[in-house]
Amino acid sequence: MIVAPGPALVVGLGNPGPAYADTRHNVGFAVVDLLAARAGGGRFSKHRSNADVLEGRLAGRRVVLAKPRTYMNVSGGPVAGLVRYFSVPVEDLVVVHDDLDLGFGVIRLKRGGGEGGHNGLRSISASLGTKDYLRVRFGIGRPPGRQDPADFVLKRFSSTERKELDLAVDLAADAAEALLSDGLEPAQNKFHALSG
């Protein structure tokens with residue numbers, strides 16, 4: 001008897017509420033919203049893990065799309081709760097997040113490694129007890145001048161960046177789907193060449 005694999009879990013990171021909706025820190029939410037539209041639309045519903053969740057199919061696989069309802073720096077609790085509830089192996093967890101160390105719109109894929117000062121990733125790694133999950137890193141660039149990075153990530157994208165934002169979100173969603181269908185190395189080979 002062949003047992004169908006369980007769902008993959010794709011989590012977009014961000015902060016809840018309208019005040020943060022279009023900020024750099026919430027680009028993970030934007031990517032997961034686009035993936036939800038690709039998975040047939042439907043509405044996210046509140047899950048007991050303290051996340052908004054939508055189940056569907058992407059890249060030929062069952063997938064759970066999620067946006068934690070907590071602030072970014074305590075994302076780990078909801079993510080660990082979802083992993084347990086849906087019985088998702090950590091190798092099938094994909095976290096989409098903003099990254100200060102990459103130029104705007106640059107997409108990079110990796111498994112494990114450091115958190116680069118990203119409190120959302122730090123919280124997830126601590127809650128899961130491992131760093132060995134997949135990441136879609138969405139470049140937002142460094143703050144100008146002496147601006148504090150903590151302030152920069154909570155600002156909205158510049159008018160110049162907004163012209164390219166939809167394209168970059170689309171590329172990040174494509175990259176997340178490629179992780180699900182093709183695995184890490186083929187997806188890296190394709191998307192690292194396409195993006196910066």
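Author: The second largest pocket holds about 270 Å³ of space. On a 1 Å grid over the protein atoms alone, a pocket is an open set of points where a 1.4 Å probe fits, with protein on both sides within 12 Å along at least five of seven lines, and lining residues have an atom within 4 Å of a point. Points are joined across faces, edges and corners, and the volume is the space filled by probe spheres set on them. This is a predicted model, with residues numbered from 1 along each chain as its sequence is written. Local features need pLDDT of at least 70 and side-chain atom pairs 80 or more, totals for chains, interfaces and linings use all residues, and side-chain values use heavy atoms, leaving out hydrogens and water.

E5 gives the most, with three residues. By class, the lining has six nonpolar, eight polar and three charged residues. Here Ala, Val, Leu, Ile, Met, Phe, Trp, Tyr, Cys and Pro count as nonpolar, Asp, Glu, Lys and Arg as charged, and the others, Gly among them, as polar.

Now the rings. The whole structure has three aromatic pairs, meaning rings of Phe, Tyr or Trp (its six-membered ring) with centres within 6.5 Å; planes under 30 degrees apart are stacked, over 60 edge-to-face, the rest tilted. One of them joins Tyr85 and Phe86, edge-to-face at 4.9 Å centre to centre with 75° between the planes. Tyr85 is partly exposed at 44% relative accessible area, while Phe86 is buried at 12% (buried is under 20%, exposed over 50%, partly exposed in between, with a 1.4 Å probe and protein chains only).

Phe104 and Phe157 have ring centres 5.7 Å apart and planes at 65°, so that pair is edge-to-face too. It links distant parts of the chain, 53 residues apart: Phe104 is in the loop between E5 and strand E6 (107-111), Phe157 in the loop between H4 and H5. Phe104 is partly exposed at 25%, whereas Phe157 is buried at 6%.

Definitions and conventions:
Helices (H or I, at least four residues) and strands (E, at least two) are DSSP runs, numbered from the N terminus.
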